[in-house]
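Keep the sequence and the 3D view side by side as you read.

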Amino acid sequence: MFLFSDEMFFLKTFPLCEPAALQLLRLFSTQTLPTLTLFTKDPCPLCDEAKEVLEPFKHRQVDISLQENRVWFDRYRWDIPVFHLNGQFVMKHRVNVVLLDKLLQDAGTHKA
């Protein structure tokens, strides 16, 4: 594993086991984290279920019923909830937690 000089400094300064130190480093990193977005509206029982499942994850919600989100309403009115990661469609209707966990790990994010 290749470590940048900042990472080496951090690992030497804080005598933690390497994986824990790297996790802390990522937590305070200046890199932007991937963005998980839930497209939703009220009422929507599937959306309510998705919100509960996504509670431990950092994510943002877009209410497609708002006028400023009309483009998303036109696209997803029959398919909500819809999930994007970094602006790319990843799933709809129900959260596939196994897939979501894998996608978030691949993207280098952690549960909130």
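Lys102 is partly exposed, because its relative accessible area is 47% and the exposed class starts only over 50%. Asp106 is exposed, with a relative accessible area of 55%. The two side chains form a salt bridge. Their closest N and O atoms are 2.7 Å apart. Lys102 and Asp106 both belong to helix 5. They are four residues apart, so about one helical turn separates them.

This is a predicted model. Now step back to the whole chain. The protein chain has 112 residues, and 29% of them are buried. Its secondary structure comes to five helices and four strands. Along the sequence, the pattern reads α-α-β-α-β-α-β-β-α.

How many salt bridges does a search of the whole structure find? The search finds five. One of them joins Arg70 and Asp74, at 3.4 Å from N to O. Both residues lie in helix 4, which covers residues 70–76. Arg70 is partly exposed at 41% relative accessibility. Asp74 is partly exposed as well, with a relative accessible area of 41%.

Another salt bridge brings together the side chains of Glu49 and Arg94, 2.8 Å from N to O. Glu49 lies in helix 3, while Arg94 lies in the loop between strand 4 (88–92) and helix 5 (97–106). The pair therefore ties together parts that are 45 residues apart in sequence. Glu49 is partly exposed, at 37% relative accessibility. Arg94 is partly exposed too, at 48%.

Stay with helix 3, which spans residues 45–54 and holds Glu52. Is Glu52 buried or exposed? Glu52 is exposed, because its relative accessible area is 61% and exposed means over 50%. Glu52 also belongs to a patch of negative charge on the surface. Asp42, Asp48 and Glu55 gather there with it.

The last stop is a covalent link. A disulfide is a covalent bond between the sulfur atoms of two cysteines. A search of the whole structure finds one. Which residues form the disulfide? They are Cys44 and Cys47, with their sulfur atoms 2.3 Å apart. The link is right-handed, with 70° about the S-S bond. Both Cys44 and Cys47 are buried.

Methods. Residues numbered from 1 in each chain as written. Predicted model: local features only at pLDDT ≥ 70, side-chain atom pairs only at ≥ 80, totals over all residues. Heavy atoms only, no water. Disulfide = S-S within 2.5 Å. Buried < 20%, exposed > 50% of the residue type's maximum accessible area, 1.4 Å probe, protein only. Patch = residues over 30% accessible without salt bridge, like charges linked within 9 Å, V, L, I, M, F, W, Y side chains within 5 Å. Areas by Shrake-Rupley, 256 points an atom, 1.4 Å probe, with all protein chains shown as cover. Salt bridge = Lys/Arg side-chain N within 4 Å of Asp/Glu carboxyl O. Lys, Arg positive; Asp, Glu negative; His and termini not counted. Charge placed at Lys NZ, Arg CZ, Asp CG, Glu CD. Helix = DSSP H or I, 4+ residues; strand = E, 2+ residues; numbered from the N terminus.
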